[in-house]
Amino acid sequence: MNLNGKTILITGGASGIGLEAAKQFLEIGAKVIITGRNQQKLDAAKKNGPSLIAIKSDVENQDDALSLFNQVSSLGGIDILYNNAGVGSPALNLGTANDQILEYAIYEMNVNYFGVIRLNNLFMDMLKSRKESAIINTTSILSLVPALEEPTYSATKVALSFYTRLLRKNLEILDSTVKVFELLPPVVATEMTAKRKDKKMTTEQLVKTLISGISRDQFSIRVGDTKLLYIMSRFFPELAFNLVNPKKIHASLL
Ligand SMILES: NC(=O)c1ccc[n+]([C@@H]2O[C@H](COP(=O)([O-])OP(=O)(O)OC[C@H]3O[C@@H](n4cnc5c(N)ncnc54)[C@H](OP(=O)(O)O)[C@@H]3O)[C@@H](O)[C@H]2O)c1
């Protein structure tokens with residue numbers, strides 16, 4: 001897919017992976033619209049990239065989504081919808097009765113899964129009407145192997161991964177030209193992983209790989225450690241599970 005001259009909407013584009021993606025998409029000649037819930041973060045992003053269009057919008061909220069759709073339509077529409085916004089919650093042991101488990105699970109599902117479906121539904125006809133268009137959904141290395149410390153988050157990403165694969169197939173059945181990409185990042189250095197001590201990829205490296213994947217129509221973009229874990233999870237599932245969940249983390253869940 002040729003990205004030059006395309007208009008891309010990046011949800012959660014005011015920080016982390018989304019902000020780096022906004023920067024790199026601008027550099028290659030795309031027009032970029034970013035969203036987020038925090039106006040200050042959006043203003044700061046715009047200050048560093050004045051050509052960005054920043055719109056305050058929460059993917060959990062249907063009214064916000066409708067308003068976003070109307071604003072984007074009046075700006076001429078988009079060619080690419082990049083569903084990047086995502087949230088994770090603090091680690092909890094699912095085997096301990098705790099109301100927060102349900103609270104966190106609903107929040108994560110609303111943002112990471114239903115938020116994506118909400119925007120895809122709204123923008124689908126617009127994307128279908130474009131000459132060359134795409135949807136990018138951000139799942140995770142944890143959609144291949146779940147993490148004990150991020151159980152309900154892992155579940156949102158596997159739900160999104162199945163949805164993404166089926167969305168691609170459904171569009172094919174309809175003979176649509178809308179391309180559906182799945183980005184599967186490894187652990188990346190952002191606010192979301194600030195407390196983790198593992199090896200982390202930079203946002204810059206991740207987004208370079210994303211852009212290269214999209215340019216080559218590589219629909220499943222597995223980055224860094226995700227590539228190896230993909231193979232391992234297919235042939236040695238227990239080994240892959242233990243690699244993601246080493247014994248030392250059990251203590252944190254007691
Ligand atoms: N970092 C990693 O290691 C990693 C690995 C695999 C997958 N991912 C996925 O990559 C994506 C980006 O994550 P990140 O690491 O860049 O995290 P991040 O630094 O925490 O950024 C997440 C962005 O999403 C926005 N956001 C959150 N909830 C939103 C909502 N309801 N509506 C609109 N925007 C919302 C946040 O902005 P506001 O708070 O201002 O709304 C923020 O800009 C997520 O989907 C994440 O699950 C990350």
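Predicted model: local features only at pLDDT ≥ 70, side-chain atom pairs only at ≥ 80, totals over all residues.
## A walk through the sheet and its surroundings

Strand 1 (residues 7-10) and strand 4 run parallel and are joined by three bridges. Isoleucine 10, for instance, stands opposite tyrosine 82 in strand 4. On its other flank, strand 1 pairs with strand 2, again in the parallel sense, over four bridges. Isoleucine 10 turns up here too, standing opposite isoleucine 34 in strand 2.

Seven strands form an open sheet with parallel pairing, and their order is 3-2-1-4-5-6-7. Strand 3 (53-56) and strand 7 stand at the edges; each has a single partner strand, so one side of each is left without a neighbour in the sheet. On average, neighbouring strands of this sheet are turned by 15° against each other, direction ignored. As a reminder, strands of a sheet pair through backbone hydrogen bonds, either parallel or antiparallel.

Let us return to strand 4, which covers residues 80-83. Ile80 and Tyr82 point one way from this strand, while Leu81 and Asn83 point the other way, and all are buried. Strand 4 also pairs in the parallel sense with strand 5 (residues 134-138), over four bridges. In that pairing, isoleucine 80 has alanine 134 of strand 5 as its bridge partner. To get from strand 4 to strand 5 the chain passes through helix 4 (residues 99-129), and this β-α-β crossover is right-handed.

Helix 4 lies across strand 4 and strand 5, and runs at about 175° to strand 4. Helix 5, in turn, lies across strand 5 and strand 6, running at about 160° to strand 6.

Phenylalanine 235, by contrast, lies 123 residues from asparagine 112 in sequence and 28 Å from it in space, C-alpha to C-alpha.

Gly86 also leads us to the ligand. The ligand is surrounded by 30 residues, of which the closest are Gly12, Gly16, Arg37, Asn38 and Gly86. Helix 1 (16-27), strand 2 (31-36) and helix 4 are the elements that give two or more residues to this shell. Helix 1 gives the most, with three residues. By residue type, the shell around the ligand divides into 15 polar, ten nonpolar and five charged residues.

Aspartate 175 sits in the loop between helix 5 (151-173) and strand 6 (179-184). Although aspartate 175 is not a glycine, its phi is positive, at about 60°. Aspartate 175 has 6 other C-beta atoms within 10 Å, and it is exposed because that count falls within the limit of 12 or fewer. Aspartate 217 is found in the loop between helix 6 (203-215) and strand 7 (220-222). Aspartate 217 is not a glycine either, yet it has a positive phi of about 55°. With 10 C-beta neighbours inside 10 Å, aspartate 217 counts as exposed.

How values were computed. Residues numbered from 1 in each chain as written. Buried ≥ 20, exposed ≤ 12 C-beta atoms within 10 Å, placed from the backbone. Pairing = 2+ DSSP bridges. Right-handed = clockwise from strand over helix to strand, strands pointing away. Near = placed C-beta within 6 Å. Nonpolar A, V, L, I, M, F, W, Y, C, P; charged D, E, K, R; others polar. Axes fitted to C-alpha atoms, helices over the stretch in contact; angles between N-to-C directions. Contact = placed C-beta atoms within 7 Å.
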